[in-house]
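Work through the exercises below with the sequence and the model open. Each task is followed by a solution in steps.

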Amino acid sequence: MLKKAKRIVALSLTLLMLLVVLSGCQGGQGDKILLFGTTGIDGNFASIMASNVYDSYVATLIFDFLIDNDAEGMYYGDIASYELSNGNRTYTFTLKDGIKFSDGQPLTSADVAFTYKTIGHPDYNGPRAYAVAGLVGYADYNSGASSDFAGIKVIDEKTIAFTFEEASPANIETFLYGIMPEHYYGFNTWSEFLALNEKPMGSGKFILEEYRPMEFVRLAANTDYWDRSKRVKIGGILMSEVPEESLLDAFATGALHVAQPQSNQDNVNAYRDMDGVTPQIILGNGYTFLCFNTLQPTLNDARVRQALMYGVDRVAFIEAVYGDMATVGLAPISPASWAFPDSGINDYAFDMDKAAALFAEAGWVKGSDGILEKDGVKMSINWLVYTDVAWPGRLAEMAYDSWGQLGVDLKIELMDFNTVAARTMDAPMDEKMNFDLYTMGFSLSIDPDPTGALFDYDAYTEGGFNASGYYNARSQELITLGKQEFDQGRRTEIYHEWARLMNEELPTVIVAYRNEIWAVSDNVKGMNISTYQTWVQNIHEITID
Amino acid sequence: MRAYIIRRILQIIPVFLGILIILFMIIELSPGGPMGNYIDPKMRPEMKEALAEKFGLNDPPVTRFFKWIGATLQGDLGQSIKFLKPVTEVLRPMIGPSLALSSLSLLLAMLVGIPAGIVSATKQYTLADNSLTVFSLIGISMPSFFFALLLLKFFSVDLGLFPLFGLRNPLYNAPNIFAQMGHMLWHLALPTVVLGLGSTATFMRYTRSSMLEVIRSDYIRTARAKGLAEKVVIYRHAFRNAVIPIITLLGFWIPALLSGAVITESIFGLPGLGKISVEAVMYRDYPIILAINAMLAMLTLLSTIIADILYAAADPRIKYN
Amino acid sequence: MDTVKTKKVRDVRELSYWGSVFYRLRKNKMAMVSIVVLALIVLACVLVPMLSPYSYFVTNTDNKQMPPSVEHPLGTDDLGRDLLTRFFYAGRISLGIALIVVVLECIVGVIMGGVAGYYGGLVDAAIMRLCEMFMSFPFLMFVITVRALFGNSLVVLVAVLVLLTWPSVARIVRGQILALREQEYMQACEALGISDFRRIFRHLLPNVLAYVIVYATLGMASVILTETALSFLGLGVAPPTPTWGTLIQEARSRIVLVQRWWYWIPPGLGISVSVMCFNLIGDGLRDALDPKMKR
């Protein structure tokens, strides 16, 4: 017995010593790796090529940006300060001192010009052409007619000016692309540029260490980052692809520090109950919508669209699908935005009587088969549902039930996301009538300008974003006024009026505003995520216990 | 026989061409397209149009088909639209894990399925036969994703014996190549079981019926009559003949496993051809879809022929003319 | 004792072909149990939705995610629908799809394989090459395309599955007919000048039919599983119509897997048990149909 006790004491002492030694080793943050869970990295890491959200995270960590935004969504100069002149058409940036790329070379205005000229380059095949399309001289440069991009002027090594064709407060969002070193990315043929897509090099806080497609990206801290006050404390980041099915258990077993699980009540409860993990819940900058094809004889009356909205219990839908993780959608503007109208918006609370009354008022009466009819047209509509995510199907199932009681014959068609896009927004003009309803999610940028989006009649084209076919002169006028107005107060008024008009006319219904769940391990300190700021923007504040 | 083989191999050419044409037609008829991924209100239609032009999507289908065939014959499979790099580079890192997973599953299926089939055949209608049959059927009776989830829940979550996802832990520093291989095998263990179980049951049942047939043949009866030990009869004489049709099965199996791993790969978060082909289909990344399916079709065709030839070689009663 | 035994043997000899098959099948306990279990499942799938006071699509979100109770023996789902009703209704759809697909693929397969095997030569080569083409199709792309072009009704789903599966049947039938043609009695038929029609229907088909029936039984199992896989990929049957394949997708959430067993155990059992039964019956039939296996 005594012998055994002695052995235990000896063993514990050894363990204790081992622990002391080990913890001595791990005193600094330099060897701490942040473990991040993703669901799909494509390897388009060059800042101007990144299109999916995880690629964008990588690009944001590796490159530096002219501007950044604060938690309220206000933009400020990041590696440069800027001034607006020339009737608000010209942005002049002055770079800070001492900025250098991770290979030691300085970052100059030539690199800034190179980055933006590359977006406008005739061979550019990334998704961001619109960023520079508003600049003076884009058409000539992009078509190859001119080797000079007139709207981009390098003034000296630290100063560069960008001139837009038209003044708009939304122009600032052009400067959201990381600055790429010309001496590294400079190219003769476009394939030379693409060859470096997976091997990014920038002036940012991290350096790419290893990328394995469909497995992981490993980033190491840039220990020589030019801005000492923003050098990261951790040693690196490992972004692994984790199947949605195993995300929860990956946290439970400590295999992850940060990830964004799907927004629903089950998930938030599970992460709340989990030891060592705290979910951060933030309002997502976007909404889900239900678009009506307003040119269909069944749906061209606003009263019918209103009736359909009164006839589906969105509160119950949100409760069933998201729980507390979403709220009923009201206006096509994020509730987090200054442009969101606080009053005068109808929430179309579930009311079957009102729905029936509106149908009757619009002249729709039930026929012998129980289906609503007007002038020989039956209220028979199809709904394109994509199955990549669950919510469109759920909403359609609820509508199938309650609309069925009202006399609406709903046909749910299942397809993948790409097919929905092809049959709605991307459909040629002579095929735009092959659908009645479709649902999708939409993420917003910080500026509320809706040009080209769901409600803009100019976007009712093949490949345009507006598939509803809805036209309203006042709405078009307000959209134009809104993007030209620099006075915040007047601009707010414009968007309030516009939001109320859309809420009344309902060419497209905003279904819900969703919250994002960010599961964050308690070991990670300083992780501040908000509607307008992603986790990568404040990466230098993060430490790991 | 030689004439038959040569003829079969020559026949591949029109069949393969037919498959390519149909494949191309399916892609052509399929709704949507790569441009459907550029869902961004800021991206104006003319910009989408310019991009489509750069990806060569605006040419008429016939032109594109011949362009593709021409380039493929020169070993150029084109550029991926999603990953913006050559298709060969996209697929290269996927082939290794896919082959590893499918051959491990095949190995498992053979090592377990064939002996189980023999036992089951030699002891037909006994408890051993019945329980082996039921056990083998449990595996294939469950949807594979469901089976995978149950395995993960039990072995990875509750017992913590296996990793939850991935092909490797990038932070693991292997002292040597064997440790690294062991590390990856450990990650592949559960996926192998999920993918291999269906094949195990199939192998077992094939072996069983093939053995039953052989055991009842005259020469085995003769062997028994000569007074040979039952073990010798079964393993030396019967098994050798019973295994021939099973070998011909192998040919079919590799392409089937490669394309059948979609669900396993996505649940276990493994890189591989199955997963990338689903992604390519959802994205309408035509060059990748074409390359993978052409490759699989070729594999399937070759294995059909190898199976037919092996079969002919094994059974002289079948005449080929 | 002795006399009874002899009598039984004689009985078997006196039975017709199918009679003796059934006799042998009856001796296979597992196959018989499977038949009974399947019959019960089918009966329940037909009766329960008819007798249930609930509809499979009427939602009631006040009543969602309820664990099993007296009113809802299998609980309710996220939208408050009675899961017992949905389970058995789903069974109707899943089993119905499987049955129709298998019957159609066997009809197509037998005709194509029969023609190929019997006539041989150029016809055979053409049909077999066609089979190879269909077998090499990109399954997923094909499903997406066909359903987009022709809609996503049950009919289209069935058509897709038939198109993709008939070559297996055709290959089996052709192989069998090739082998049979070489057998002495067929050569005798030829020598005796018996007509094509008689040869096909009297001598070849009954022998081939045995294999087809075995394949069909196993095919039922594989169609049920394929439907589940399609649901996994989001290409299954449109809501609100449930199938076992769509119901079991709930188990993908680890939270549901752990906390709401009533969501996934019934469809899991429904799929596994019926697939297993079909497989056991198929195996039993194979043993019973193969005259060589008489001991």
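**Exercise 1: a sheet in chain A**

Five bridges connect strand S5 (residues 90–95) of chain A with strand S7 (residues 159–163) of chain A, and the two run antiparallel. Helices (H or I, at least four residues) and strands (E, at least two) are DSSP runs numbered from the N terminus. The model is predicted: local features need pLDDT of at least 70, side-chain atom pairs count only at pLDDT 80 or more, and totals for chains, interfaces and linings use all residues. Residues are numbered from 1 along each chain as its sequence is written, while chains are lettered from A and ligands numbered from 1 in the order in which they are written.

Task: find the bridge partner of Thr94(A) in S7(A), then give the strand order of the open sheet of four strands in chain A.

Solution.
- Step 1. Thr94(A) has Thr159(A) as its bridge partner in S7(A).
- Step 2. The strand order is S4-S5-S7-S6 (chain A), with antiparallel pairing; two strands pair if DSSP finds at least two bridges between them.
- Step 3. Strand S4 (80–85) and strand S6 (152–156) of chain A are at the edges with a single partner strand each, so one side of each has no neighbour in the sheet.
- Step 4. From one strand to the next, the twist averages 20°.
- Step 5. Helix H3 (residues 109–120) of chain A lies across S5, S6 and S7 of chain A and runs at about 175° to S6(A). Axes are lines fitted to C-alpha atoms, for helices over the stretch in contact, and angles run from 0 to 180 degrees between N-to-C directions.

**Exercise 2: a helix pair in chain C**

Task: describe how helix H5 (residues 121–135) of chain C and helix H7 (residues 154–181) of chain C pack.

Solution.
- Step 1. The secondary structure of chain C consists of twelve helices and zero strands.
- Step 2. H5(C) and H7(C) pack at an angle of about 135°, and their axes are 9 Å apart.
- Step 3. The two helices H5(C) and H7(C) are therefore oblique to each other, given that angles under 35 degrees count as roughly parallel, over 145 as roughly antiparallel, 65 to 115 as roughly perpendicular and the rest as oblique.
- Step 4. The crossing of H5(C) and H7(C) is left-handed (the near helix is turned anticlockwise from the far one by less than a right angle; clockwise would be right-handed).
- Step 5. On H5(C), Ile127(C), Cys131(C), Phe134(C) and Met135(C) meet Leu163(C), Leu164(C), Pro167(C), Ala170(C) and Arg171(C) of H7(C). Two residues are in contact if their C-beta atoms, placed from the backbone, lie within 7 Å.
- Step 6. This contact of H5(C) with H7(C) has eight nonpolar, no polar and one charged residues. Ala, Val, Leu, Ile, Met, Phe, Trp, Tyr, Cys and Pro count as nonpolar, Asp, Glu, Lys and Arg as charged, and the others, Gly among them, as polar.

**Exercise 3: the contact of chains A and C**

Task: which helix supplies the largest share of the side of chain A that touches chain C?

Solution.
- Step 1. The contact takes 24 residues from chain A and 19 residues from chain C.
- Step 2. Elements of chain A that each supply at least two residues include helix H9 (265–273), helix H11 (314–321) and strand S19 (409–415).
- Step 3. H13(A) gives the largest share, seven residues.
- Step 4. By class, the side of chain A that touches chain C has ten nonpolar, three polar and eleven charged residues.
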